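Have a look at the model below before reading on. The notes after it go through the fold piece by piece.

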Amino acid sequence: MRTLAYGSWPSPIDAALAAAHGGHPEYVGLVGDEAWWIEPRPTEGGRRTLVRRRTDGSEESVLPAPWNVRSRVMEYGGQPWAGTVQDGQPLVVFVNFTDQRLYRHSPGSEPDPLTPVSRVGGGLRWVEPRLRPDLGEVWCVLEEFTGVAPGDVRRVLAAVPLDGSAAGDRGAVRELTDDRHRFVSGPRVSPDGRKAAWLAWDHPRMPWDGTELLLAEVADDGTFGEPRTVAGGPEESIAQVDWGFDGSLLYASDRTGWWNLYRDHQPVCPREEEFGGPLWKLGQRWFAPLESGLIAVVHGRGAALLGVLDPETGEVVDAAGPWTEFASTLAVHGERIIGVGASPRSAYEVVELDTLPHARTNSRGGTPIGRARVIGAAHDDPVDPAHYPEPQIRTFTGPAGREVHAHIYPPHSPSCAAPGNELPPYVIWAHGGPTSRAPLVLDLEIAYFTSRGIGVAEVNYGGSTGHGREYRNRLREQWGVVDVEDCAAVALALADEGTADRARLAVRGGSAGGWTSAASLVTTDVYACGTISYPVLDLANWASGETHDFESRYLETLVGPLAEVPARYAERSPVEHADRITAPFLLMQGLDDVICPPVQCERLLERMRGRQVPHAYLAFEGEGHVFRRADTVIRALESELSLYAQVFGIEPPGIPTLELTK
């Protein structure tokens with residue numbers, strides 16, 4: 001065991017390794033008996049590809065570069081593909097990121113476009129496709145721009161002909177609904193084909209604030225009757241809707257303060273835990289009904305496990321296995337369940353659970369149902385797992401005695417230790433959203449730091465999901481206050497207990513986490529430096545046309561209505577208080593970002609000019625919101641580490657020096 005200063009430990013986890021393992025499988029589905037899913041390719045320009053697992057266990061990428069299976073609806077996208085078997089062969093439809101057209105594809109042939117290109121504003125975009133071969137159509141959510149401004153947009157449910165007749169003719173697309181609602185999710189059709197259910201909401205609400213569950217009769221020709229609202233409202237968030245095989249209406253509602261499951265409007269498993277989550281992307285799935293009447297569920301409190309719910313008894317039996325966190329994607333066929341799971345020792349992988357025909361009678365005693373196994377994107381340790389961090393789940397006390405949940409990743413190396421009288425530097429990670437959370441899973445970006453002797457603390461500050469609506473609502477009109485205070489409380493508690501070096505604390509985050517990082521440098525003296533990525537920095541302008549439609553009125557909940565509290569917008573915006581920033585910082589931005597555009601960073605940099613505060617600005621061409629390209633992630637990680645090295649007085653080997661200007 002070598003004795004070296006914290007932050008200077010050699011590590012086999014370099015930035016290239018972390019970048020190559022960025023992202024995870026998502027949007028699982030079943031095409032006949034085959035499992036298919038979307039998988040990231042960081043080294044191929046950050047594209048997403050469609051992966052097929054044949055029944056013999058072999059995997060293949062269905063679409064070569066440059067095809068990029070990713071939707072831009074609401075900018076965050078969602079379910080970009082659907083598939084079935086026709087004439088014994090797979091038939092899939094998918095959204096291509098570059099032109100946002102919907103394509104039809106059968107393996108062995110070139111994809112054929114199904115939808116036209118629009119030159120108006122952001123064009124025509126599609127998400128959550130549902131194949132209807134009986135009608136010769138695919139049903140989707142259509143996002144259609146009517147002008148050049150971000151808010152010049154309408155969203156409807158639409159039917160696209162599978163024969164390609166709409167590829168050059170917008171008029172051939174059949175609209176299933178009108179555009180009375182600003183936002184809609186994809187339709188779910190009842191087993192008898194006579195009803196369709198979907199979610200809708202309107203500004204200024206976000207979907208985790210309040211949604212409506214709509215129901216419409218469906219005629220034989222596929223036309224919809226007049227929709228009616230059957231559940232939900234301004235203060236009730238319904239995260240997902242589906243149908244049981246017996247025709248019962250299933251949905252996840254937080255009317256009790258927790259996203260719980262309901263069947264025909266009656267609770268089936270009332271618990272103080274979540275069976276749903278924030279609908280950032282259309283097509284997220286936290287439950288899926290099985291033919292037996294059981295329901296596959298992703299559920300938990302502060303975590304998300306895969307289980308099987310018996311709606312007759314309210315009992316949930318979780319899948320046995322090493323996975324402690326499952327993503328909000330599920331697919332079922334017969335009694336098979338496909339999900340995406342991870343743990344602190346393994347990255348996300350595609351998992352199959354086979355339930356037993358007699359599972360309901362066997363579940364009484366809590367015995368695990370069926371057999372779970374990895375079937376795709378299997379985790380393979382790229383280095384000795386002895387270099388992985390060993391995280392701790394902790395709850396801290398914040399201002400006014402409120403609980404603050406966090407994951408602590410102490411420095412860890414199998415071959416190095418620090419001098420006994422030295423405390424380690426720590427970086428506080430603020431997650432994005434802010435209505436989201438940091439899951440406890442293996443992340444090589446975290447390991448990149450901890451294996452070198454720098455601790456990481458992921459803070460699920462007030463406003464995060466996974467702990468009920470009351471915890472989530474702590475951030476209402478308090479963005480830039482509660483999140484900043486909670487992160488600082490964790491940082492100072494770690495220092496006070498002798499876990500972290502009080503003089504060597506940093507804060508970092510991207511998107512809403514970038515906001516929290518910047519606001520922390522403006523309003524506290526806790527941190528010696530900070531890393532700020534693709535952030536919100538100027539509230540008033542962000543709320544007045546500088547972001548996309550989906551979040552354009554988000555700040556009315558997070559801060560308050562601009563017209564009523566303009567002073568609050570000015571007081572909390574880092575760009576308005578650049579003179580308060582005295583700690584060095586690294587600012588990083590994608591030049592194609594339409595969610596948090598570069599102009600937000602440029603304003604801050606202009607106001608920092610001549611202030612003699614060391615800082616660096618990295619702007620990446622071809623990157624949008626969240627960095628996806630391997631070369632970008634490599635430079636970002638190495639630059640961040642170099643910032644900490646210069647500020648904390650450490651010498652990590654082999655890291656290029658980031659030039660800081662004043």
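## Ground rules

This is a predicted model, so to speak of local features we need pLDDT of at least 70, and side-chain atom pairs count only at pLDDT 80 or more, while totals for chains, interfaces and linings use all residues. Residues are numbered from 1 along each chain as its sequence is written, and side-chain values use heavy atoms, with hydrogens and water left out.

## The open sheet

Start with the open, mixed sheet: 8 strands in the order β32-β33-β36-β35-β37-β38-β39-β40. Strands here are DSSP E runs of at least two residues, helices are H or I runs of at least four, and both are numbered from the N terminus. Two strands pair if DSSP finds at least two bridges between them. At the edges sit β32 (392-397) and β40 (615-620), each pairing on one side only. On average, neighbouring strands are turned by 20° against each other, direction ignored.

Inside the sheet, β35 (residues 426-430) and β36 (residues 455-460) run parallel, with 5 bridges between them. One of the bridge partners to look for is V456 in β36, which goes with V427. Helix α10 (residues 598-608) packs on the sheet, touching β39 (585-590) and β40, and its direction makes about 150° with that of β39. That angle is between N-to-C directions on a scale from 0 to 180 degrees, using lines fitted to C-alpha atoms, for helices over the stretch in contact.

The end C-alpha atoms of α5 are 20 Å apart, which agrees with the 21 Å its 15 residues should span at 1.5 Å a residue; the expected span is 1.5 Å times one less than the number of residues. After α5 comes G498, with a positive phi near 85°.

Helix α6 (residues 512-523) is also mostly covered, with 11 of its 12 residues buried, including W515 and L521. From first C-alpha to last, α6 reaches 16 Å, close to the 16 Å expected.

## Cores and rings

The largest nonpolar core has 107 residues, and L213, F224, W479, V490 and Y527 touch the most other members. Helix α5 (residues 482-496) gives this core its largest share, 7 residues. Another core, of 40 residues, lies apart from it and has L444, Y448, L586 and Y644 among its members. A nonpolar core is a set of buried Ala, Val, Leu, Ile, Met, Phe, Trp, Tyr and Cys residues joined through side-chain atoms within 4.5 Å.

How many aromatic pairs does a search of the whole structure find? There are 25 aromatic pairs. Rings of Phe, Tyr and Trp (its six-membered ring) pair if their centres lie within 6.5 Å; planes under 30 degrees apart count as stacked, over 60 as edge-to-face and the rest as tilted. W139 and F224 are edge-to-face, because their centres are 5.4 Å apart and their planes at 65°. Both W139 and F224 are buried.

## A loop residue

A65 sits in the loop between β5 (59-61) and β6 (81-86). With a relative accessible area of 49%, A65 is partly exposed.

Note on methods
Buried means under 20% relative accessible area, exposed over 50%, partly exposed in between (1.4 Å probe, protein chains only). Contact means heavy atoms within 4.5 Å.
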